[in-house]
Amino acid sequence: MKNILIIHGPNLGLLGEREKEIYGEMTLSQINGMIEERARELNFKIKIKQSNSEGEIVSLIGEERKWMDALIINPAAYTHTSLAIREAIVSVKVPAIEVHLSNIYKREEFRHKSLIAGVCIGQICGFGVESYLLALEAVNKVLR
Ligand code: DQA
């Protein structure tokens, strides 16, 4: 059984209330329920964490490096700013997939740049909650 760590970055705990026209009506716990269900079908063991803190996300990636076989991360606003999260991913040498609910390339120009995508296997964005489920399918292909 493969172990997958899923990290939700800052402000994603407010999904369901936050900018619903962009991110939809589902709460993070509903989204997590769907992720858990698909992970079960794919026979993955998962841990899901949400953090608003860049340092906490960096620490988490380091702490879970031996446990996880792959990382799925929605770095949220840190996507566009965080060299520290980028370097954490490089340091642990675990295959990573970047996920976004919205299509960041259709939005403001400051969202078009990801500091994270270049150190991931790939990026999935624009499919709402399905982005996370597609990331699980991608992990399934990469690890098997
Ligand atoms: C996001 C896109 C980011 O630009 C934004 O800062 C978020 C959410 C997404 O999932 O679409 O917080 O990562």
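Start at the ligand: its shell holds 5 nonpolar, 4 polar and 3 charged residues. Here Ala, Val, Leu, Ile, Met, Phe, Trp, Tyr, Cys and Pro count as nonpolar, Asp, Glu, Lys and Arg as charged, and the others, Gly among them, as polar.

This is a predicted model, where local features need pLDDT of at least 70, side-chain atom pairs count only at pLDDT 80 or more, and totals for chains, interfaces and linings use all residues. Residues are numbered from 1 along each chain as its sequence is written, and side-chain values use heavy atoms, with hydrogens and water left out.

Select the shell next. Around the ligand are Arg18, Tyr23, Asn74, Ala76, Ala77, His80, His100, Leu101, Ser102, Ile104, Arg107 and Arg111 (a heavy atom within 4 Å).

Now show the polar contacts (N or O pairs within 3.5 Å). Pick His80: a polar side-chain atom lies 2.7 Å from a ligand oxygen atom. Move to Leu101, where a backbone N or O atom is 2.8 Å from an oxygen atom of the ligand. At Ala77, a backbone N or O atom lies 3.2 Å from a ligand oxygen atom. How much of the ligand's own accessible area does the protein cover? The cover is 99% of 330 Å² (Shrake-Rupley method, 1.4 Å probe).

Finish at Trp67 and Lys47. The charged end of Lys47 sits over the Trp67 ring, 4.3 Å from its centre (NZ of Lys within 6 Å of the ring centre and within 35 degrees of the ring normal).

Key: A polar contact is a pair of N or O atoms within 3.5 Å; within protein, one must be able to donate a hydrogen and the other to accept it, and residues adjacent in sequence count only if both atoms are side-chain atoms.
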